[in-house]
Amino acid sequence: MADVSIHALRKAYGALEVIHGVDVEIPDGEFVVLVGPSGCGKSTLLRMIAGLEGINGGTISIGGQVVNNLPPAERNIAMVFQNYALYPHKTVAANMGFALKMQKMDKPRIEEEVNRAADILGLKPYLGRYPRELSGGQRQRVAMGRAIVRNPKVFLFDEPLSNLDAKLRVQMRAEIRELHQRLSTTTVYVTHDQIEAMTMADRIVVMRDGHISQIGAPLELYDRPANAFVAGFIGSPSMNLIHGAVKRSGGQVTVEAEGLSLPAPDLEGMTEGRKVIFGIRPEHLDLDNRGFEASVAVVEPTGAETHVVLRVPGREVVAVFRERHAFRPGDVVRLLPQPALVHMFDADSGARIG
């Protein structure tokens, strides 16, 4: 096992710079998830750690050793890709042991390592089968087993669950997390799915346009997003973000948006007229006659919760209720944000206020 240290890392394709001097410190044994929208640079960053992409500046260290100029085979990392990349003509056991065979490891030792990984992943009954005889989840386990047998210092996962159905994704999320708890190997995991990031990570690195927007524990990012981008990206449904201006009157602070007057916290920097973004998560909107008026547009019952899309002047907002309500499109309700759970951001920079 080893820590991973990334300092001032840059990547450019000709004149186009896609990674802009990022810094990330990953302690030994930590599970870190790189998350962000398509094109943000997360997979490029992972491939740079793996040695599959060259770098244009900065350093990458694994276990205290700078690996900038080391080929992938000498970095002692193992990577699991989105596609399983299994040899169709080899059995599960042969697929898992292939890298060890290429290292000239003796056959009994290969069998020992393959059996150890198969025990961890529940693949013992399938060692004699071929990839075509396996389900998608079983194939992904084989790909993970192929990584485990190498006893790497670092595991790298590049959107490994993208090809699985929804139910299997949930199951595999739990299995990968359990695997990490058993092996305690430093893990860097890339996904565009913020639910995967929230449920699996020790820490999340949120990326945008080749920059790091915020690094922190999942609930830290959820409860105190550093900027409006993170606030809107982390959480499902995403946070309601309403542009407006601060108004101070009689000791009360509100955000005045088109047709709305929203009670706001009295934070340092909330000066009269300042352009701000008022943020409130859907689950923090309550039905209350003191609130603002909204018209029900769409009702989405999920079972445990009901998601409601509502129209207010100039925009739509989303509310989530655990209680069951007989909402119908066209109904008019009043919503009140929970004051202690409001987030405020600067309208120009997007940075958190207070």
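Helices (H or I, at least four residues) and strands (E, at least two) are DSSP runs, numbered from the N terminus. With that settled, I looked up Val 318 and found it in strand β17, residues 315-321.

**Ground rules.** I am working with a predicted model, in which local features need pLDDT of at least 70 and side-chain atom pairs count only at pLDDT 80 or more, while totals for chains, interfaces and linings use all residues. Residues are numbered from 1 along each chain as its sequence is written, and side-chain values use heavy atoms, with hydrogens and water left out.

Val 318 has a relative accessible area of 22%, so I noted it as partly exposed. Val 22 sits in strand β2 and is buried, at 4%. From Val 22 to Gln 214 I read 11 Å between C-alpha atoms and 192 residues in sequence.

**Salt bridges.** Here I counted a side-chain nitrogen of Lys or Arg within 4 Å of a carboxyl oxygen of Asp or Glu. The whole structure gives 17 of them.
- Glu 17 pairs with Arg 10 at 3.0 Å, N to O; Glu 17 is partly exposed at 27%, and Arg 10 is partly exposed at 33%.
- Lys 11 pairs with Glu 53, with 3.6 Å between the closest N and O atoms. Lys 11 is in strand β1 (4-13) and Glu 53 in the loop between α1 (42-50) and β4 (57-62), so this pair ties together parts 42 residues apart in sequence. Both Lys 11 and Glu 53 are buried.
- Asp 266 meets Arg 248 at 2.8 Å, N to O. The loop between β13 (260-263) and β14 (275-280) holds Asp 266 and strand β11 (240-249) holds Arg 248, so the bridge links parts 18 residues apart in sequence.
- Through shared partners, salt bridges join Lys 11, Arg 47 and Glu 53 into one network.

Asp 28 lies in the loop between β2 (16-26) and β3 (31-35) and is partly exposed at 44%.

**From the record.** UniProt, in an unreviewed entry, places "domain: ABC transporter" at residues 4-234; such annotations may be inferred rather than shown by experiment. Over residues 4-234 I noted 37% helix and 26% strand, with the end C-alpha atoms 25 Å apart.

Technical notes:
Buried < 20%, exposed > 50% of the residue type's maximum accessible area, 1.4 Å probe, protein only.
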